[in-house]
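I opened the model and kept notes as I went. The entries below follow the order of my look-ups.

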Amino acid sequence: MSRIRTMYRNYLKKKMFNKILLFYSMVMVLLFISVSVLAYRYYEQRVVQEQMDASLQELDIVSINLNQQYERLYNAVQQIYTDAMIGDDLKYFLTHEYEDFLNWRLNQYAYSYRTERGNFDYQLRLLLKDEASIANVVLYSTDQDFFYVLNRETQHFYYQPKLSVDHKDWFQRLRSAPWQYTGSEPLFEGKMDDVPTPYSYANVLKDSVTLKQYGAIMFELNTDRIKGLLRDRLDGKDNRIMLMTGEGQVIFDSQGKYDNTVYPYWGKMNLPEDWVNLEERSKVQLLNIGNTGMVVAAIIPESHIKQSLQAIRLSLIGIVILCIIVSFAVTFTIIRRYSKKIHRLVLYMRRWQEGDLSKRIEMEGEDELQQISQRFNHMCDRLESYIETVYVSEIKQKNAQLVALQAQINPHFLYNTLESIRMKAISLGARDVGQMIYILATMFRHLIKKQTHVTLAEEIELCGMYLALVQYRYEDKLEVETHIENSAAGSMIVKLLIQPIIENYIVHGFRTNDDDNRITITAAEADGVILIRVKDNGKGISAERLLELQDALHTGDETTETSDQSLGLKNVHDRIRLNYGSDYGLHLISVEGEGCEVTISIPVTREEAG
């Protein structure tokens with residue numbers, strides 16, 4: 001967190017163009033990402049639709065083939081009823097013993113024009129030859145309770161066989177559902193089956209006159225033809241095709257995982273949702289196959305869709321990154337150009353702030369920054385002219401007034417007169433008066449010196465003289481403490497900064513009736529600044545008066561009315577600000593009845609070596 005804060009402070013907080021570059025980059029990144037996401041979604045929907053359309057075509061092909069197969073099987077059964085010779089032949093076969101059936105067939109050949117083409121087994125063999133998906137034709141006799149299994153190679157009789165557990169009620173089921181799912185378990189025990197026949201088409205055989213049921217015909221089918229057809233269609237594709245019954249029993253699975261089992265996600269496949277959670281999130285298409293009761297399903301896993309979109313995704317990411325880099329590079333180049341111009345303006349302004357008004361900005365171009373540079377150059381010209389004509393002349397006038405004021409007093413006359421008075425007082429025995437006159441004379445000698453700056457030690461010495469006179473005046477009523485750091489004592493300050501503050505205390509805060517008056521003067525240097533504190537335990541200042549004094553110190557209006565108490569403080573404050581700048585001056589703290597503390601802050605200034 002500290003690194004982020006430092007980076008923000010160094011590169012963003014005071015860097016306008018860095019903020020612009022960051023904001024623009026964020027906007028462009030978000031824009032490019034949004035466009036790429038929309039494009040990806042569009043291509044994703046397009047790919048999904050294409051795969052769904054392709055799957056639908058495959059489902060149509062499977063449905064058409066199974067419907068055609070259903071029609072051929074249905075026509076084969078109908079032919080038994082429409083061709084009387086075949087129907088009688090099959091009926092006699094299923095209702096009599098096999099020897100009786102052979103005798104009956106021989107008699108038919110002998111006493112009629114019947115040929116082999118009128119036999120049911122001949123017609124069934126023709127059907128086996130033409131319909132490759134039929135593995136076995138099974139005939140069942142209800143009267144004789146036997147099964148006759150006919151295939152392309154052999155034929156077998158099974159008398160009163162034991163039915164498999166899953167097919168105990170097969171005859172009752174086929175009355176309502178001609179398409180039967182047999183799975184991998186044979187119809188009855190002992191049945192020979194070389195190829196898997198997971199489903200079959202069956203019909204109950206009835207007498208055309210009495211409608212009595214005498215048996216059933218069942219066509220056991222294999223999925224080799226469908227598998228071969230789908231393998232050709234699905235070669236190299238990841239789509240999954242499944243053929244199932246209406247109860248979810250899998251007849252054929254293109255991936256071979258759920259062949260001859262109940263599909264565990266059959267219930268979810270029928271939900272009206274766009275995406276279905278199967279083994280994974282997938283698109284599902286279902287198609288019912290005519291009247292067969294079977295369903296063919298196409299499953300497109302989401303992972304396969306994403307895999308097909310991988311090339312598009314990588315291309316979009318590459319294009320977005322390239323666009324962001326180009327956009328950032330162009331923007332950075334343009335902004336850096338203007339940033340250099342702004343930096344040049346700031347550099348020259350800093351020089352002007354430091355007082356160097358001789359520099360002028362040269363800015364190429366005709367934009368707003370060039371106009372700003374021209375205005376600043378013009379402002380500098382006018383400012384230099386104003387300083388030359390107004391400020392310098394005003395300084396000369398102030399100096400002239402000061403010289404005139406100093407000339408009004410003859411320093412030698414004043415000093416000699418005070419010395420004569422002092423000697424007269426000593427001769428008469430008034431040594432205290434003589435000492436006071438000596439101190440006063442020393443103060444006058446110090447005050448009439450022409451230099452305007454003295455060391456802090458000299459200023460404190462002058463203040464000590466003034467306080468000594470006060471102590472002589474108020475015997476044993478004033479205690480003075482002075483603490484000056486050696487590092488600060490040699491610093492140069494403007495003359496008479498501290499003495500007016502002490503005098504302000506003596507005039508307004510000194511308690512003449514008390515003997516515990518105390519004033520403390522301290523001076524210390526810290527971080528290039530000298531802090532001078534004058535603290536007393538005098539009368540203090542009321543809260544209202546303190547606010548007036550603070551307002552008088554900080555207002556720049558010279559017409560503001562001030563009392564004698566604030567006049568001296570304001571004079572010191574103004575002289576400090578004129579000499580050292582607006583960052584320095586006086587600060588007041590006072591509580592009425594408890595005293596006052598005045599803090600003077602000025603920069604450290606050493607006397608230049610001669």
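Is Phe-93 buried or exposed? I looked this up in what is a predicted model. Phe-93 is buried, since its relative accessible area is 3% and the cut-off for buried is under 20%.

**Entry: aromatic pairs**

I asked for ring pairs next. The structure has 28 aromatic pairs. I took up the pair of Phe-93 and Phe-157, whose ring centres are 5.7 Å apart. Their planes meet at 50°, so I logged the pair as tilted; stacked would need under 30 degrees and edge-to-face over 60.

Where do Phe-93 and Phe-157 lie? Phe-93 is in helix H3, residues 84–95, and Phe-157 is in strand E3, residues 155–159. The pair therefore ties together parts that are 64 residues apart in sequence. Phe-157 is partly exposed, with 28% relative accessible area, whereas Phe-93 is buried at 3%.

I then turned to Tyr-201 and Phe-219. Their ring centres lie 6.5 Å apart and their planes are at 15°, so this pair is stacked. Tyr-201 sits in strand E5 (residues 199–206) and Phe-219 in strand E6 (residues 213–221). This pair thus links parts 18 residues apart in sequence. Tyr-201 is buried at 2% relative accessibility. Phe-219 is buried as well, with a relative accessible area of 1%.

I also noted a cluster. Which residues do ring pairs link into it? Among them are Tyr-92, Phe-93, Tyr-98, Phe-101 and Trp-104. The cluster also includes Phe-120, Phe-146, Tyr-148, Phe-157 and Tyr-159. Phe-93 and Phe-157, the tilted pair, are thus both members of this cluster.

**Entry: second largest pocket**

How much space lies in the second largest pocket? I read off about 370 Å³. Its lining has 20 residues. Trp-179, Gln-180, Tyr-181, Glu-247 and Gln-249 are the ones nearest the centre of the pocket.

I sorted the lining by element. Strand E4 (179–181) and E5 are the elements that give two or more residues to it. E4 provides the largest share, 3 residues. By class, I recorded 7 nonpolar, 9 polar and 4 charged residues in the lining.

**Entry: His-167**

I looked up His-167 next. His-167 lies in the loop between E3 and helix H6 (170–174). Is His-167 buried or exposed? His-167 is buried, with 2% relative accessible area.

**Entry: cysteines**

How many disulfides are there? I found 0 disulfides, where a pair of cysteine sulfur atoms would have to lie within 2.5 Å. Cys-463 is buried, with a relative accessible area of 1%. Cys-596 counts as buried at 12% relative accessibility.

**Entry: transmembrane annotation**

UniProt, in an unreviewed entry, places the feature "transmembrane region" at residues 21–43 and 314–335. I compared each span with the model. Residues 21–43 are 100% helix and 0% strand, and their end C-alpha atoms lie 32 Å apart. Residues 314–335 are 100% helix and 0% strand, with the end C-alpha atoms 31 Å apart.

Key. Residues are numbered from 1 along each chain as its sequence is written. This is a predicted model: local features need pLDDT of at least 70, side-chain atom pairs count only at pLDDT 80 or more; totals for chains, interfaces and linings use all residues. Side-chain values use heavy atoms; hydrogens and water are left out. Buried means under 20% relative accessible area, exposed over 50%, partly exposed in between (1.4 Å probe, protein chains only). Rings of Phe, Tyr and Trp (its six-membered ring) pair if their centres lie within 6.5 Å; planes under 30 degrees apart count as stacked, over 60 as edge-to-face and the rest as tilted. Helices (H or I, at least four residues) and strands (E, at least two) are DSSP runs, numbered from the N terminus. On a 1 Å grid over the protein atoms alone, a cavity is a set of points where a 1.4 Å probe fits but cannot get out, and a pocket is an open set with protein on both sides within 12 Å along at least five of seven lines; lining residues have an atom within 4 Å of a point. Grid points are joined across faces, edges and corners, and a volume is the space filled by probe spheres set on the points. Ala, Val, Leu, Ile, Met, Phe, Trp, Tyr, Cys and Pro count as nonpolar, Asp, Glu, Lys and Arg as charged, and the others, Gly among them, as polar. UniProt positions are given in the numbering used here, feature names are shortened, and annotations may be inferred rather than shown by experiment.
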